[in-house]
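Me: I am new to this structure and would like to go through a few of its features step by step. Could we begin once the model is in view?

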Amino acid sequence: MPPAIEVRQVCKRFGSLHALTNIDLEIHTGEFFALLGPNGAGKTTLISIIAGLSLATGGSVSVMGHDIITQYQQARRNLGIVPQELVFDAFFTVREILLIQSGYYGIKNNIRWVDEIIERLDLADKADANMRTLSGGMKRRVLVAQALVHKPPVIILDEPTAGVDVELRQTLWDFIKQLNQDGHTIVLTTHYLEEAEALCHRVAMLKEGSIVALDSTQNLIAKMTAAGKSISLRLLPDTLPSSLHALLMNHNNGLVELRIENYAQVESILSSLRSENIQVLEMHLQQPDLEDVFVSIMRNSGNQSK
Amino acid sequence: MTGFLTLLYKELLRFWKVGFQTLLAPMVSTLLYLLVFYHVLERSVDVYPDVAYTIFLIPGLVMMAVIQNAFANSSSSMIQSKISGNIVFVLLSPLSYRAIFFAYILASILRGLLVGLGVYLVTLIFFDVPLQLPLWSLLFVILGSAISGVLGLIAGIWADKFDQLATFQNFIIMPLTFLSGVFYTVHSLPAGWQYLSHLNPFFYMIDGFRYGFFGISDISPYISLLIVAICLIAISVLAIRILKTGYKLRH
């Protein structure tokens with residue numbers, strides 16, 4: 001079985017700006033994959049290239065084994081894209097839009113599936129309303145629905161939850177999780193790292209047009225964890241016994257941060273403090289999450305040569 | 001085929017839903033031209049022998065309305081979709097560039113023909129307009145609206161902003177239609193202007209279209225047909241090429 005998406009040595013230049021440099025990426029069928037990176041890292045550019053909205057300067061991309069240039073029709077039939085911008089056609093109603101979109105994919109009489117998506121995305125009340133009259137969240141749902149009219153095996157969502165309220169975000173994720181369980185490959189970009197952490201099997205991090213990390217979510221966090229569990233303490237008096245100085249990472253604003261290997265050490269740290277009559281006013285255990293991984297990678301990968 | 005038909009249907013629905021502005025308004029303004037010229041010029045301009053000026057004017061005005069509306073349809077649909085961003089829904093789909101081309105052009109032709117037919121039918125209430133060789137007229141009105149639709153598509157893809165499109169419309173399409181013999185026969189012009197008129201492809205569309213009405217034309221309808229057909233093929237090749245390379249649409 002070919003990979004859901006295969007990106008080989010893709011470059012994109014806008015004049016002298018290198019938006020993407022030699023991107024290699026293979027996303028397997030059935031994966032729930034996140035593309036992370038700060039604004040301007042090239043996430044949307046990469047998605048646009050996969051979708052055929054933008055043409056790569058070099059390299060090749062295939063979707064379910066179909067080259068996006070030479071076999072663009074098969075590639076696009078296998079792909080559903082939810083764009084980041086809230087774009088819509090003000091001339092039509094929700095149901096009209098979805099039936100027209102079906103037609104573009106060569107599907108006649110798609111009313112049953114369209115009504116099902118409308119139902120599942122909670123759009124039934126607005127099915128015959130003009131797109132103009134819909135709220136932002138509703139328009140976002142229509143965009144998701146539009147990407148699904150042709151039941152694509154691969155679905156890419158470019159920041160699907162940007163500017164969406166908490167309730168809708170939950171509904172959307174439940175829906176997308178369901179799609180993934182039904183066998184669809186899901187690729188998403190998001191700024192909410194906790195979402196990626198909770199949902200995605202694998203993560204690629206982009207910085208300045210290059211992939212700086214590509215691994216399973218668990219591995220990335222495990223690497224960080226090995227390097228950096230810590231405990232923060234506020235002490236009275238604000239002095240550290242000399243026996244603990246070896247663990248000290250940080251000491252400012254009355255907050256002492258100690259590096260630990262495992263949680264069993266917490267007990268010995270506390271007993272050292274007790275024996276010196278130092279009171280613990282405040283204590284936090286810190287375990288890295290994807291956000292820490294992200295921040296650390298973005299910081300450490302430095303400014304690579306252009 | 002379903003993809004092409006859907007895009008065509010969408011393009012037709014688009015102007016149909018705002019028919020007051022896209023069909024009725026241009027009919028009214030064309031008939032106003034006719035009314036004004038009829039009152040002012042009926043007895044003072046000589047065109048063809050035995051053809052009253054107003055009757056001469058009618059096919060010209062019909063064709064002008066057809067050309068302008070066919071152009072307006074593809075160009076405004078394209079630029080609106082580009083600026084509002086919803087062109088991505090067409091670009092993301094497996095629609096072939098040929099399907100996109102033919103859907104836009106056919107929609108333009110149909111809008112042009114609807115406006116032209118509307119104007120013609122209204123004039124029939126007041127005037128006795130002959131239509132001696134209807135097939136010639138039909139042929140030229142279809143080719144003329146197609147050329148206009150293709151030009152509109154190219155302009156709509158090329159323009160980044162509405163004012164660039166307006167520039168194209170006001171400085172190219174408008175002068176070419178107004179100076180193509182809508183209001184006069186080129187035989188009434190000084191030699192230099194006659195020569196210039198012959199460089200204007202819109203002149204052949206109108207001359208050929210008028211031939212279908214009166215059986216008289218400034219030049220042979222076969223030559224006009226040939227020139228119009230060559231123009232259509234040339235700009236169609238250009239437009240299809242533009243769509244294929246993704247110029248201004250796929251970055």
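Me: How many bridges join strand S1 of chain A to strand S4 of chain A?

Reply: This is a predicted model, and in it strand S1 of chain A covers residues 5-14 while strand S4 of chain A covers residues 58-63. The two strands run antiparallel, and within this pairing Arg8(A) has Ser60(A) as its bridge partner. The number of bridges that join S1(A) to S4(A) is five.

Me: Which residue in S2(A) is the bridge partner of Val7(A)?

Reply: S1(A) also pairs with strand S2 of chain A, residues 17-27, in the antiparallel sense and over seven bridges. These two strands form a hairpin with two residues between them, and Gly15(A) in the turn has a positive phi of about 60°. Within S2(A), the bridge partner of Val7(A) is Leu25(A).

Me: Why is H9(B) described as oblique to H10(B)?

Reply: Helix H9 of chain B spans residues 201-214 and helix H10 of chain B spans residues 221-245, and their axes come within 9 Å of each other. Angles of 65 to 115 degrees would count as roughly perpendicular and those over 145 as roughly antiparallel. H9(B) is oblique to H10(B) because their axes cross at roughly 135°.

Me: How many residues of the contact of H9(B) with H10(B) are nonpolar?

Reply: H9(B) passes H10(B) in a left-handed crossing. Residues of H9(B), including Tyr204(B), Met205(B) and Asp207(B), meet residues of H10(B), among them Leu225(B), Ile227(B) and Val228(B). Of the residues in this contact of H9(B) with H10(B), one is charged, two are polar and the nonpolar ones number nine.

Note on methods. Residues are numbered from 1 along each chain as its sequence is written. Chains are lettered from A and ligands numbered from 1 in the order in which they are written. This is a predicted model: local features need pLDDT of at least 70, side-chain atom pairs count only at pLDDT 80 or more; totals for chains, interfaces and linings use all residues. Two strands pair if DSSP finds at least two bridges between them. Helices (H or I, at least four residues) and strands (E, at least two) are DSSP runs, numbered from the N terminus. Axes are lines fitted to C-alpha atoms, for helices over the stretch in contact, and angles run from 0 to 180 degrees between N-to-C directions. Angles under 35 degrees count as roughly parallel, over 145 as roughly antiparallel, 65 to 115 as roughly perpendicular and the rest as oblique. A crossing is left-handed if the near helix is turned anticlockwise from the far one by less than a right angle, and right-handed if clockwise. Two residues are in contact if their C-beta atoms, placed from the backbone, lie within 7 Å. Ala, Val, Leu, Ile, Met, Phe, Trp, Tyr, Cys and Pro count as nonpolar, Asp, Glu, Lys and Arg as charged, and the others, Gly among them, as polar.
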